[in-house]
Amino acid sequence: MKIQRIAAGTAAVALATLGVAGTAHAADDSTTVPGHQGRDGTVVGHYTSLYAEDDAGDWYWDLGDGRVMGTVDGTDELDPDTVVTCDYQVIYRGDFGDDPSLDDGWIKNNIRCDDGTTYNSTYVSSEDPRYTGEHPIWGTWDIVVSTVSGQGNTV
């Protein structure tokens, strides 16, 4: 189902752009946050991303840092009658520990789709007081909020 894939992308976008190791789908050795290579200490940042897919299962994802993934080369190749486009706002705060991966802190995804659906999620590392370990997402990270419009908090 299209909505489930978009929601699953909330975790993947955090992984892909922030370089938190843990899933083969979204993180690899070349994943870095522009400007944070070798940065040590707490960093606050923000970036935007675009995800779109159609009922045929084709998809396009501009991760917002120059990387593009998908089964098509652009949104114009998606079926205009069934395409859903989602704009991601990703906000993060944490310590990169002198490498390109966010080692601790928090990540917030705010996603607004053109079909009216919104998703909001918050991921925290084990050092965060909101961490419970009840909804592990990767390594020592936990998803503490995952809302979908019309459904409320799903975690």
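Predicted model: local features only at pLDDT ≥ 70, side-chain atom pairs only at ≥ 80, totals over all residues.
Of the 155 residues in the protein, 41% are buried. When contacts between residues at least 6 apart in sequence are considered, 51% of them join residues that are at least 24 apart. The accessible surface of the protein amounts to about 7600 Å², and carbon and sulfur atoms contribute 46% of that area.

Strand E8, which spans residues 141–148, is largely enclosed by the rest of the structure, because six of its eight residues are buried. The pairing of E8 involves strands E6, E7 and E9. With strand E6 (residues 118–125), E8 pairs in the antiparallel sense over seven bridges, and within this pairing Trp141 of E8 is the bridge partner of Ser125. Strand E7 (residues 136–138) likewise pairs with E8 in the antiparallel sense, here over two bridges, and Pro136 has Asp142 of E8 as its bridge partner. The hairpin formed by E7 and E8 has two residues between the strands, and in this hairpin Gly139 adopts a positive phi near 45°. In the hairpin of E8 and E9, where three residues lie between the strands, a positive phi near 85° is found at Gly150.

The loop between E6 and E7 contains Asp128. With a relative accessible area of 12%, Asp128 falls under the 20% limit and is therefore classed as buried. The side chain of Asp128 reaches the backbone nitrogen of Arg130 at a distance of 2.7 Å. Once neighbours within four places in sequence are set aside, Asp128 is in contact with Gly105 and Trp106.

A search of the whole structure identifies one disulfide, which joins Cys86 to Cys113 with an S to S distance of 2.0 Å. The torsion about the S-S bond of this pair is about 100°, so the disulfide is right-handed.

The C-alpha atom of Ser49 is separated by 8.4 Å from that of Cys86, although the two residues are 37 residues apart along the chain. The side chain of Ser49 makes a polar contact with the side chain of Trp61 at 2.9 Å, and it also reaches the backbone oxygen of Asp62 at 2.7 Å.

Conventions
Residues numbered from 1 in each chain as written. Heavy atoms only, no water. Buried < 20%, exposed > 50% of the residue type's maximum accessible area, 1.4 Å probe, protein only. Helix = DSSP H or I, 4+ residues; strand = E, 2+ residues; numbered from the N terminus. Pairing = 2+ DSSP bridges. Polar contact = N/O pair within 3.5 Å; in protein donor to acceptor, adjacent residues only side chain to side chain. Contact = heavy atoms within 4.5 Å. Areas by Shrake-Rupley, 256 points an atom, 1.4 Å probe, with all protein chains shown as cover. Disulfide = S-S within 2.5 Å.
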